[in-house]
Amino acid sequence: SKMTVKAVKMPCTSANVYTKVPDGGWGWTVAFAFFVVEALTYGIIKSFGVFFNDLMESFDETNSRISWIISICVFVQTFTAPLSTVLSNRFGHRLVVMAGGLLVSTGMVIASFARSVVDMYVTIGIVSGLGYCLSFLPTVTILSQYFDKRRSLVTAVASTGECFAVFSFAPAITALKEQIGWRYSMLSVGVLQLGITACGSLLRPIVIREQEEVKAQPSEESTETKYMLENEQTCTSIESIDSGVDITTSPSNVPGKTKAEPKSEEPKQHGENPVENNSTPPEPKTKLLDFSVMRDYSFICYAFFGLFATLGFFAPSLYIIPLSRSLGIGKDHSAYILSAMAIAEVFGRIFAGWVLNKKPIRKIYIELICVILLSVALVAFPFASGFWGLMICSVYFGFMLGTVAGTHIPLLAEDDVVGIERMSSAAGVYVFIQSLSGLAGPPLAGVLVDTTKNYSSAFYSCAAGMVLGAVFLALVRPCKTGLCHHQQQQQLQQEVEESTAGPPPELPDDFIDMDIGKAENSGKGSDSV
């Protein structure tokens, strides 16, 4: 029992050990850390547009070349997702997030001293992009492990850090630029992003151990005592117990679970350290990156959903201001439209978390409805006219974007996709696949705009990608149920084969000597006859 208590009462710097998913506890601290990490990663990425004009003037570059800074950053962030998974499984989420925070801050600080746009490609695009990946993905993964029933709601609320950052950082950085210039403002942002490292230190690992393992000893002792009394009532000798049964608290000695072993090996086991018999078997090593999810048809469909849906995530926020300016809306009013979109996204994330937290509910279908409504919002933009028309479309789009953007990664933990056990590896592969559309989406929309000379084509391309994503999302549940049904049929067939041609059931060891003795006595009786 002492060993069990030590396993549960861990130091504060070690893993948190629970008998079941806590749905709270230290998980609230992890949720706060995820809120801050969201603000200092995606919040900064989406607010980086405030530096665009300054960079164009300082480096004498075009808008397209400056926009590649964020495109490279987003691509590196998503492309290196499997690396984040491998490092997290090898060194733990805490160290990986802390290292990611240092990379993010270092890249942004060095970028403030850049002399060309190529320097920005390296510092913000590659260095900070890698840091963003190491910071964001492990945080959302470990947060999902701390919650079960409240997972959707907590993750959605914590992910609003990105929206609050977009709403507050853009005017704050703009005001700061007027006082100290864009270089020192970027330097201040880099120093602020050191907060990611502090948040990473709060990510304690979590270990779930079943209740039976913690309270196993008293029940097993009572079972063993009862079993020994039954042996005494059946006149079994003490010698047979010593030589045939290993008297430990191991569950393997419960009747029906014991196996006959050579008697010569038993004294050796009793002569060795008896604590070894009470120790639990070593746990299997966790794979650094489990690519077995790629054999799961439901995950493949979900990955294609993420691939096409990502086309509609970033482009609207990039082209809403140019679209509004082309309609004759002023610069200040265009900024109000973007701010309204960010505020609506907050309510969308919270609403999605509240709905998905309801029981019983099939979360994958709720996500499908939100994706379809998001496609409608993208199609509506080209038909909007005037300030209030774009404002209504932006609020509607922001709300629906929040319902999808805040839930599509945590939904990997649902049994309809891969489950919580394989979420870490699945998230790495999923975000890696997303990187392809994250890199190609904005340039593709830009090519369509340059070709058609109309910003509406960018929103049509985003809507087309979202519709394709909805088609693959609709196939996730059928693929999962079909695969599970096929596996159940195989297991049932194996059980039938084993029951018809399987070995005879095993008997407890205490009765082996008695059966042998009876056989010898009957043999002697027949010889005497």
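A crossing of two helices is right-handed if the near helix is turned clockwise from the far one by less than a right angle, and left-handed if anticlockwise. The model is predicted: local features need pLDDT of at least 70 and side-chain atom pairs pLDDT 80 or more, whereas totals for chains, interfaces and linings use all residues. Residues are numbered from 1 along each chain as its sequence is written, and side-chain values use heavy atoms, without hydrogens and water.

Q: What is the handedness of the crossing of α6 and α22?
A: Helix α6 (residues 81-91) packs on α22 with axes 7 Å apart, at an angle of about 160° (lines fitted to C-alpha atoms over the stretch in contact; angles from 0 to 180 degrees between N-to-C directions). α6 is therefore roughly antiparallel to α22 (over 145 degrees). The crossing of the two helices, α6 and α22, is right-handed.

Q: How many polar residues are in the contact of α6 with α22?
A: From α6, Ala81, Pro82, Thr85 and Asn89 make the contact (heavy atoms within 4.5 Å). From α22 come Ser424, Ser425, Gly428, Val431 and Phe432. Gly is classed as polar here, Ala, Val, Phe and Pro as nonpolar, and Asp, Glu, Lys and Arg as charged. The contact of α6 with α22 has four nonpolar residues, no charged ones, and polar residues numbering five.

Q: Which residue has its backbone oxygen 2.7 Å from a polar atom of the side chain of Ser135?
A: Polar contacts are pairs of N or O atoms within 3.5 Å. At 2.7 Å from a polar side-chain atom of Ser135 lies the backbone oxygen of Gly131.

Q: What is the phi of Asp60?
A: Most residues other than glycine have a negative phi. Asp60 lies in the loop between α4 (52-59) and α5 (63-79) and is exposed, with a relative accessible area of 69%. Although Asp60 is not a glycine, its phi is positive, at about 55°.

Q: Which relative accessible area does Lys453 have?
A: Lys453 lies in the loop between α22 (423-452) and α23 (456-474). Its phi is positive, near 60°, in a residue other than glycine. Lys453 is exposed, with a relative accessible area of 70%.

Terms used. Polar contact = N/O pair within 3.5 Å; in protein donor to acceptor, adjacent residues only side chain to side chain. Helix = DSSP H or I, 4+ residues; strand = E, 2+ residues; numbered from the N terminus. Buried < 20%, exposed > 50% of the residue type's maximum accessible area, 1.4 Å probe, protein only. Parallel < 35°, antiparallel > 145°, perpendicular 65-115°, else oblique.
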